[in-house]
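Work through the exercises below with the sequence and the model at hand. Each task is followed by a solution in steps.

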Amino acid sequence: MKLKKREAAALRIRESFPHLTCPVCQEKLAVNETSLICANRHQFDIAKNGSLHLLKKSVKTNYTKELFQARRYLMDEVGFFYPVTDQIVQLVQNEQGLKILDAGCGEGTHLSYILRKCEGNDFTGIGMDLAKDGIQTAASHDESALWITADLAKAPVENDSIDIVLNILSPANYREFSRLLTKRGRVIKVVPRTGYLKELRQHYFDEEYTNEETTAAFYDQFDVVDKITVQHTQQLDHAAIAALVRMTPLSWRADQDKVQSFLDKKMAEMTIDVDILIGVKKVELEVSE
Ligand SMILES: [Zn+2]
C-alpha cells in the first residue's frame, strides 16, 4: 500500500533524518504520528502534502507562487540550469547515504533533479526556504525530499548532521552552515559570474555584475577545495523568456517598459556563467559575520 504523503514524511524523518529541532526552544523534535513535538510540548503538524512549517511566525517575502512556478518551468522543463546541476551531480554521484540540505531551495527544482539523478545512492534530501510558496510548490511536485519552511539564519537542525549544504544563487549564512556540517562535510555554493544573464542585464540596466564580495566572503569562511566554472549560452523561446522575466528579481527594479520589450521577444540568447565553489570547514573556524 502506498503511504499518504503525510505518513511518508513522518517515516522519512524517523528513519532517515531524526535531526530536526524546535524553532521555538531548539530542543530535539520527535515524531509523534504525523506531528513533531519537542520536550517542551511545542508541536508542529506535518502538512497534507508532506511539508513542514518550522517557523515561529510566517514571513512575507517577494517570492510568490507565480515566481516559483515560472522558475520551475525554466529550470526543469526548459532545462536552463542543467549544465550547472549536472556538474553538482558529478560531485556527489559516487557517494552513498549523503544527507544533503539545499539551503534556500525555493521551489526545489535543483535538489529534486540531483536526487533523481542519484536515485540509487540512498541520499536524504532536505529542502529549506523561508518562502512558504516555494516549499509548497516543491512539495506538490516531489515526494523524494523533505520540504521545510524555515529561517536559514536559525536552521531547525542539529549540529553536525549534514554532509552537503547546497547554496545555489541564494543568500548564505556561513556560520549556520558550519554548525550544521559534519566534520567532513562540504558546502557547494553556486555564485553568479559577470556573464550570468548578461543579455537580460544589459537590456534592463546596461550594467555588469561582479561576484567579488560574495566569493571573498566564502573564501574567508571555508577552505575552498575546488572551483568549477560553468559557462553556457542557449536559445530561449518566447515561453522560456516569459518564465525568465517572471522568475528573476532583476525584473523588480527594472524599468517596466524594458521588461515589456524583453517579454515581446520571440527568441533570445541567454547565458549562464557561474562558479561552483566547494568548501570544507576551516580547522580553526573564526566565527564572524
Ligand atoms: Zn520547543
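The model is predicted: local features need pLDDT of at least 70, side-chain atom pairs count only at pLDDT 80 or more, and totals for chains, interfaces and linings use all residues. Residues are numbered from 1 along each chain as its sequence is written.

**Exercise 1. Overall build**

Task: State how many helices and strands the protein has, and compare its radius of gyration with the globule rule.

Solution. 
Step 1. There are 10 helices and 11 strands; helices (H or I, at least four residues) and strands (E, at least two) are DSSP runs, numbered from the N terminus.
Step 2. The radius of gyration is 19 Å, close to the 19 Å given by the globule rule for 289 residues, so the protein is as compact as a globular protein of that length. The radius is taken over C-alpha atoms, and the rule is 2.2 Å times the number of residues to the power 0.38.
Step 3. The C-alpha trace spans about 55 × 45 × 35 Å along the principal axes.
Step 4. Of the 289 residues, 37% count as buried. A residue is buried if 20 or more other C-beta atoms lie within 10 Å of its own, exposed if 12 or fewer, and partly exposed in between, with C-beta atoms placed from the backbone.
Step 5. Among contacts with a separation of 6 or more, 69% come from residues 24 or more positions apart. Two residues are in contact if their C-beta atoms, placed from the backbone, lie within 7 Å.

**Exercise 2. The sheet of 8 strands**

Task: Give the strand order of the open sheet of 8 strands and name its edge strands.

Solution. 
Step 1. The order is E4-E7-E6-E5-E8-E9-E11-E10, and the pairing is mixed. Two strands pair if DSSP finds at least two bridges between them.
Step 2. Strand E4 (52–54) and E10 are the edge strands, each pairing on one side only.
Step 3. From one strand to the next the twist averages 20 degrees; axes are lines fitted to C-alpha atoms, for helices over the stretch in contact, and angles run from 0 to 180 degrees between N-to-C directions.
Step 4. E8 (residues 162–168) runs parallel to E9, joined to E9 by 6 bridges, and Ile168 stands opposite Val190 in E9.
Step 5. E9 (residues 181–192) pairs with E11 (residues 267–281) in the antiparallel sense over 7 bridges; here Lys189 faces Leu277 in E11.
Step 6. E10 (residues 222–237) and E11 are also antiparallel, over 15 bridges, with Ile228 opposite Ile276 in E11.

**Exercise 3. The sheet of 3 strands**

Task: Describe the open sheet of 3 strands.

Solution. 
Step 1. Its order is E1-E2-E3 with antiparallel pairing.
Step 2. E1 and E3 (43–45) are the edge strands, each pairing on one side only.
Step 3. The twist averages 30 degrees from one strand to the next.
Step 4. Antiparallel pairing of E1 with E2 (residues 35–37) covers 3 bridges, and Asn32 has Ser35 as its bridge partner in E2.

**Exercise 4. A helix pair**

Task: Are H9 and H10 roughly parallel or roughly antiparallel, and which residues make the contact?

Solution. 
Step 1. H9 (residues 238–247) and H10 (residues 256–263) pack at an angle of about 155 degrees, with axes 9 Å apart.
Step 2. The two helices are therefore roughly antiparallel; angles under 35 degrees count as roughly parallel, over 145 as roughly antiparallel, 65 to 115 as roughly perpendicular and the rest as oblique.
Step 3. H9 contributes Ile241, Ala242 and Val245 to the contact, and H10 contributes Val259, Phe262 and Leu263.
Step 4. These residues divide into 6 nonpolar, no polar and no charged. Ala, Val, Leu, Ile, Met, Phe, Trp, Tyr, Cys and Pro count as nonpolar, Asp, Glu, Lys and Arg as charged, and the others, Gly among them, as polar.

**Exercise 5. Burial and positive phi**

Solution. 
Step 1. Gln26, not a glycine, has a positive phi of about 70 degrees.
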